[in-house]
Amino acid sequence: MASMSQLIALLSYLLLSLFTASSLGEAPGEGILNAEIGRLNNQSLLWGPYRPNLYFGIRPRIPKSLATGLLWAKVDNYVDVQDSFRYTCEQHEGMAGYGWDEYDTRKGGVQHIHDAGNKIDITTEFVKIPGGGHGGSWAARIKGEPRSDAPEDLKTTVVFYVTSESLGDSVEVVPDGDDNGFEGDVTFVGNSEVLGDYKLVVTKGTGDHPHSDHPVSAQRDLDKTTVQSISVPTEHLWQAKNILFQQLKASVDEVIKEYGAENAPPPWQVYNLGNRLGAGNMHLVQKNFEGPFEFDILFSSGSAGRETTSEDLSREVKSTTEAFNDRFADIFAPQAPFHADKYRKFGRSMLSNLAGGIGYFYGQHVVDRSYAPEYDEENEGFWEETAEARGRKQEQLEGPYELFTSIPSRPFFPRGFLWDEGFHLLPIADWDIDLTLEIVKSWYNLMDEDGWIAREQILGDEARSKVPADFQVQYPHYANPPTLYLVLEAFTERLQKTNGSQNMGRHEHLSSYTVLENAHVDNPSLGVEYLRNLYPLLRRQFLWFKKTQFGDIKSYDRDAYSTKEAYRWRGRSVQHILTSGLDDYPRPQPPHPGELHVDLMSWMGMMSKSLAKIADFVGLPEDVQEYNKVSDGISHNLADLHWSESAGCFCDATIDDFEEHTLVCHKGYISLFPFLLGLLQPDDPKLGKLLDLLGDEEELFSPHGLRSLSKKSEFYGTDENYWRSPVWINMNYLAIVQLRNYVLNPGPYSHKAKNLYVKLRKNVVDTVYQSWEETGFAWEQYNPETGKGQRTQHFTGWTSLVVKVMAMDDLSWWTGTHLRDEL
């Protein structure tokens with residue numbers, strides 16, 4: 001490994017030299033540095049468990065390439081095998097929890113799967129090993145350990161598969177076994193245009209194997225590993241479980257034909273694939289174990305110059321785990337009152353599962369580009385007209401497109417969600433800003449020529465298999481909250497703080513990848529260049545929002561400071577505004593084309609403020625003035641069009657029976673949006689009234705976080721009850737951030753903000769932690785009365801924001817007379 005260490009040291013020295021030259025004002029290397037950082041980012045992020053819908057599946061983030069997956073099942077009887085196979089992450093599948101305990105997207109990590117139904121705990125260890133010119137090598141270790149309630153002779157079958165999605169690529173089994181299988185390792189050799197030459201080895205591993213006295217043992221020797229090579233239409237390769245069942249059925253039929261049902265061998269031999277090597281684009285590798293087991297999967301890139309070994313894997317797993325724990329303590333160390341070890345373990349798990357939910361998706365999606373006039377939603381009763389237009393089924397497939405994204409939930413939402421993504425990336429940005437910027441760029445590469453990005457990215461047949469047909473169609477007049485600006489805002493703030501200074505040596509115990517993880521902040525010229533390249537897309541999106549989501553002021557003679565700044569979500573039905581992200585939250589009834597939505601107005605205010613900063617960074621003063629004018633108009637119009645003095649909160653607006661502007665106040669998250677997005681000044685009297693609402697236990701404040709809707713509302717807990725009472729962590733996170741800001745920015749409400757901050761921060765963390773401890777899962781939402789997690793399990797998207805909440809300051813000491821130095 002000396003040569004690899006020397007390479008890493010040389011790379012670190014090269015990058016440090018380039019950074020130092022930049023800090024001294026030497027610009028000639030900037031273009032070279034930018035290109036080199038881009039190349040290194042692509043290399044270090046090429047491979048990963050980028051099939052997060054599977055319990056374990058490795059692929060590169062390139063289309064039509066090599067892909068792998070893992071399946072297993074208990075095989076102690078004939079009846080339950082089909083239902084026992086684990087492959088795709090599913091809700092309520094007999095799991096006592098699963099997920100990554102440590103995981104870094106650039107290096108790898110360790111995942112534990114507690115399969116109570118099959119009475120076995122599976123551990124998957126995955127690491128990347130840099131080297132060569134094709135994304136390096138990687139290795140994985142699969143371990144099985146029977147659970148405490150398992151029989152001593154627990155029988156488990158494990159299937160690892162390799163597929164090649166591209167017609168021009170090849171992957172073949174080296175035929176060094178016999179007719180019945182492989183005594184030792186199984187070796188594949190392959191080649192592709194992107195990956196070059198490579199070798200993949202599935203080691204013999206350790207563990208006992210089941211036996212029987214049945215005559216079939218002469219052909220089905222379970223001490224051996226079997227491989228079955230088959231050719232599958234490319235579009236069906238993702239259906240590995242169904243394909244495996246087809247092959248197993250053929251194997252069962254062979255046994256029954258030869259021995260009859262009355263003289264069948266035991267199930268662990270019945271459900272065993274025959275050893276059939278040959279050409280094919282899918283290779284199924286089956287191992288059978290009795291009791292605990294372990295084996296390795298070793299992928300060696302031909303350009304790396306050396307083959308990956310099990311010793312490499314052991315060393316890198318240890319190194320990766322240690323490095324992860326060190327970095328977590330450095331970046332996300334929980335602050336009081338969360339100093340106990342249990343919170344550190346919890347935080348590491350939440351962050352790891354957020355990052356472990358990053359996936360690569362490729363394929364077509366379904367879009368209705370009919371631009372039917374009904375979709376303008378200009379008439380009273382428009383929701384009936386739009387329903388009729390959708391019923392004409394004018395959608396078509398578009399693409400293919402690719403997306404690198406962090407998903408909300410591996411079992412239930414294994415695809416990209418635009419409004420979720422911005423929240424997902426906030427903790428990831430603290431950990432690895434360059435990874436975050438890669439994901440942001442991937443989203444903006446999906447933008448069409450008008451500035452629209454589909455709010456839900458359902459790319460390819462595999463992704464569509466998880467979504468009912470009625471929800472697959474995307475509409476280019478539908479928006480979604482622009483949460484990626486939360487990330488861009490955080491990025492620009494870090495660039496401002498860097499202010500040209502370099503601090504490359506501050507984490508000397510970290511690996512050379514730290515250079516990549518923070519390159520666009522540690523070298524401001526790279527960061528500004530990133531913003532300069534992204535800015536035209538950001539502006540296009542902003543103008544698309546202005547054009548398609550405008551609200552009508554003039555037609556109804558509304559009295560407002562600005563005649564332009566009012567907004568309305570399109571895509572409304574009687575009960576839902578799915579496009580807002582707050583699906584069933586109560587809105588004015590009946591829907592009206594004159595509605596104005598305060599949450600959308602607030603998002604536009606946040607977007608314009610962020611764009612003004614970005615335009616300033618890239619040297620566009622006229623654009624800065626334009627965004628500032630929009631921000632000013634929104635600031636005034638929030639008060640003129642949406643503030644209710646009698647209700648003491650912000651409200652949606654509509655047009656009444658007399659064609660007059662009127663407010664409809666459903667107290668809850670909607671009422672808080674200008675506060676949640678930081679649009680209120682510290683001395684604004686409206687802030688004081690919102691804090692009163694937020695802290696009222698009969699309205700929004702609960703022992704488990706802020707309720708989505710006031711407890712006094714007639715709609716509280718009714719119908720779907722999706723956003724009509726439950727506690728959502730993303731909204732609570734925004735509230736906690738702003739409460740902290742109003743504590744540290746002096747004003748008349750700082751003491752009130754401090755008390756709410758301290759209580760809400762503790763309530764939210766303890767709620768998510770307790771449910772995680774009890775169930776093994778993070779959840780989509782939490783019951784405001786009991787604190788129990790509910791709806792989607794393993795919701796490690798924005799619920800993982802608790803990692804940032806735990807790392808925030810403990811302000812219980814704050815008195816308003818001084819600030820501690822560390823703040």
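What you have here is a predicted model, so a word on confidence comes before any close reading. The protein has an average pLDDT of 93, and 94% of the residues score at least 70. Two stretches are another matter. Over residues 1-28, pLDDT stays under 50, and the model has 29 contacts beyond four places in sequence for them. Residues 500-512 also stay under 50, with 19 such contacts in the model.

Now back to helix α6, which runs over residues 310-331. Its 22 residues reach 31 Å from the first C-alpha to the last, close to the 32 Å expected at 1.5 Å a residue. Look along α6 for the buried residues and you'll find D312, L313, E316, V317, T320, T321, F324, R327 and F328. They cover an arc of only 155° around the axis, which puts them on the same side of α6. And that brings us to the opening question: on the other side of α6, E311 and K318 are exposed.

Leaving out residues up to four places away in sequence, Q247 touches Q228, I230, L273 and L284. With one of these, Q228, there's also a polar contact: the side chains of Q247 and Q228 come to 2.7 Å.

Technical notes:
Residues numbered from 1 in each chain as written. Predicted model: local features only at pLDDT ≥ 70, side-chain atom pairs only at ≥ 80, totals over all residues. Heavy atoms only, no water. Polar contact = N/O pair within 3.5 Å; in protein donor to acceptor, adjacent residues only side chain to side chain. Contact = heavy atoms within 4.5 Å. pLDDT = per-residue confidence, 0-100. Helix = DSSP H or I, 4+ residues; strand = E, 2+ residues; numbered from the N terminus. Expected span 1.5 Å × (residues − 1). Buried < 20%, exposed > 50% of the residue type's maximum accessible area, 1.4 Å probe, protein only. Arc of directions from axis to C-beta.
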